[in-house]
Amino acid sequence: YIWQGNYLLPDLVMAPKEERPIGIWGERRRKYLKEHHRMLYYNLLTSGKLQSHLADVEEQAQAMFERLTVQMAERQGVTEALKSADIMARVRKMNNIRNRIAELVMDELLTI
């Protein structure tokens, strides 16, 4: 405690802030928690664990997104040969794959 005028105030020190990136998936998780799980959101926020939680979710979601994109592209025959033969068909297929996987990641990781 330290004296401030006539008051004795606690001498609180904040824990060092983690410098892990929070990307699109972490921000979506933050929004989901704030809208649907307020108690969990405020518990993580006040305990100082929110940033770490969001960074963990970001890493898991990004890894899942990349892994599933490669797997689905292989299953649907999106190859370098298709890229050289018809680039727009490859772009359409890859965009379709990415959109479907983004929905999967949202359902699996962000809304738990």
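In this predicted model, the side chains of arginine 29 and histidine 53 are joined by a polar contact of 3.2 Å. Arginine 29 sits in helix α1. Is arginine 29 buried or exposed? Its relative accessible area is 3%. Buried means under 20%, so arginine 29 counts as buried. Arginine 29 touches His53, Leu54 and Val57, and also Leu40, Leu109, Leu110, Thr111 and Ile112, leaving aside residues up to four places away in sequence.

Now step back to the helices. Helix α1 covers residues 24–36, and helix α3 covers residues 50–75. Their axes come within 7 Å and cross at roughly 125°. That angle makes α1 oblique to α3. The crossing of the two helices is right-handed.

Which residues of α1 meet α3? They are Ile24, Trp25, Gly26, Arg29, Arg30 and Leu33. On the α3 side, the partners include Leu50, His53, Leu54, Val57, Ala61 and Phe65. By class, this contact has 8 nonpolar, 4 polar and 3 charged residues.

Follow α3 along to threonine 69, which is found in that helix. Threonine 69 has a relative accessible area of 10%. The cut-off for buried is under 20%, so threonine 69 is buried too. A polar atom of its side chain lies 2.6 Å from the backbone oxygen of phenylalanine 65. Phe65 is itself among the α3 residues that meet α1. Beyond residues up to four places away in sequence, threonine 69 touches Met94, Ile97 and Ile101.

Glutamine 71 is 42 residues from arginine 29 along the chain, and their C-alpha atoms are separated by 24 Å.

Conventions: Residues are numbered from 1 along each chain as its sequence is written. This is a predicted model: local features need pLDDT of at least 70, side-chain atom pairs count only at pLDDT 80 or more; totals for chains, interfaces and linings use all residues. Side-chain values use heavy atoms; hydrogens and water are left out. Axes are lines fitted to C-alpha atoms, for helices over the stretch in contact, and angles run from 0 to 180 degrees between N-to-C directions. Helices (H or I, at least four residues) and strands (E, at least two) are DSSP runs, numbered from the N terminus. Angles under 35 degrees count as roughly parallel, over 145 as roughly antiparallel, 65 to 115 as roughly perpendicular and the rest as oblique. A crossing is left-handed if the near helix is turned anticlockwise from the far one by less than a right angle, and right-handed if clockwise. Contact means heavy atoms within 4.5 Å. Ala, Val, Leu, Ile, Met, Phe, Trp, Tyr, Cys and Pro count as nonpolar, Asp, Glu, Lys and Arg as charged, and the others, Gly among them, as polar. Buried means under 20% relative accessible area, exposed over 50%, partly exposed in between (1.4 Å probe, protein chains only). A polar contact is a pair of N or O atoms within 3.5 Å; within protein, one must be able to donate a hydrogen and the other to accept it, and residues adjacent in sequence count only if both atoms are side-chain atoms.
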